[in-house]
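Reader: Could you take me through the surroundings of a ligand, explaining each term as we reach it?

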Amino acid sequence: MPASTYQSPWMKEDVRMFRDSVRQFVRHEFAPHQERWRAQHGPDADAWAKAGRAGILLADIPEDYGGGGGTFAHEAVVLEEMARQGVNFGSQVHTTVAHYVLAYGTEEQKRRWLPRMALGEAPGAIAMTEPGAGSDLQAIKTQARREGDDYVIHGSKTFITNGARAGLVCVAAKTDPKVVGMRGISLIMVDTRELAGYRAGKPLEKVGMQQQDTCELFFDSMRVPAANLLGGVEGRGFAQMMEQLPYERLQIAVGAVAMAEQAVEITTRYVKERKAFGKPLMDLQNTRFKLAECKTRAQIGRVFLDSCIERFVAGRLDEASTAMAKYWLTEMQCRIVDECLQLHGGYGYMTEYPIARMWVDARVQRIYAGSNEIMKELIAWSL
Ligand SMILES: Cc1cc2nc3c(=O)[nH]c(=O)nc-3n(C[C@H](O)[C@H](O)[C@H](O)COP(=O)(O)OP(=O)(O)OC[C@H]3O[C@@H](n4cnc5c(N)ncnc54)[C@H](O)[C@@H]3O)c2cc1C
């Protein structure tokens, strides 16, 4: 069977139809505005509402709560279409936040927040990282002190995706400063509307992914109802993060494969058109071999990713496999994009060429949601 006829086994008819509508939406509503989003360091103000109306937010959250009622396959389609069309929108983090609410929220919280998130009225952000605590999340210093029916939260976070526009932030904070390490951490949902003591900093200047707003968050004695504690019991935050981070890592792996496939596709087109020494670059054996290597790696990556997606949908994906997917597929993505940029020559270094933007956007994939070094630790623990 020729490689090009390979079909992801999870691509059922309903998922295919969903893909078509997501593709159209992204092509017409988001892709043409990426330059503006980059310049303004974030999506247009109405982008979230547009995505909500189009039904592409919370694709795998039950319909009862306003979501699409699909599986992770539907979420994967959204991520793939964004990656293929060079769109950076924070829907990935947004969906992750919804999954925290779905997994640990009370019925009342799910009904309060999830429909608003599905409509794009409350973009979600997750605030774990602090200046002194990234890989080592146990070191977080943000404190949530119980006072009557509220928590009073004090501290700051950094590198927060969707931070500037966030309507609902899942904050990791120490609820018991006396307990050292993971057991003193809780997750508290913060509804940012007119909240005194809550402030988002200016967008951070990043190397790539400028279309996503990433900023610092500051909490100055911010009062949040104690009922917003996820799971209702203090000290469970670290375990909850460990349970939900694999979802985010699989999302990242999906984007990695989609971008790698797209890089091979656009580069193949480019080298067939661009001439050197009187003939297309594709006629050079080095070009063919490099693209053959890239195509092979992307295809192997795709098959492993598909196996992970199928196992995830069936509730059988283990943590080590998710870590392997995040680590290996993002390394693969960066390697392929780099090789493809090389095949573009100097044009590959010009930001008007999609391959140049892929190159800068891809790099962070090996760092966030647990760096690839941390992924190797997780894999090693399973040995
Ligand atoms: C664009 C962007 C968006 C982000 N979005 C969010 C977000 O929405 N929410 C959020 O909470 N965070 C977010 N982050 C933060 C991200 O998750 C952290 O940057 C990441 O976890 C690494 O933490 P750090 O930057 O503090 O690096 P450090 O932890 O200081 O690590 C520095 C280096 O040391 C290595 N290292 C650390 N510990 C070990 C170890 N035990 N073994 C081997 N090597 C180790 C790391 O792999 C890395 O190479 C984002 C970051 C970026 C850049």
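Author: The dialogue below turns to the ligand and then to one residue in a loop.

Author: This is a predicted model, in which local features need pLDDT of at least 70 and side-chain atom pairs count only at pLDDT 80 or more, while totals for chains, interfaces and linings use all residues. Residues are numbered from 1 along each chain as its sequence is written, and side-chain values use heavy atoms, with hydrogens and water left out.

Reader: How many residues surround the ligand?

Author: A residue is near a molecule if one of its heavy atoms lies within 4 Å of it. Here 17 residues surround the ligand, the closest being T129, S135, F159, S371 and E373.

Reader: Which strand gives the most to the shell around the ligand?

Author: Strands are DSSP runs of E with at least two residues, and helices are runs of H or I with at least four, numbered from the N terminus. β3 gives the most, with three residues, and β1 (124-127), β3 (150-161) and α11 (372-381) each supply at least two.

Reader: Is N88 buried or exposed?

Author: Buried means under 20% relative accessible area, exposed over 50%, and partly exposed in between, with a 1.4 Å probe and protein chains only. N88, in the loop between α4 (72-84) and α5 (91-104), counts as buried because its relative accessibility is 9%.
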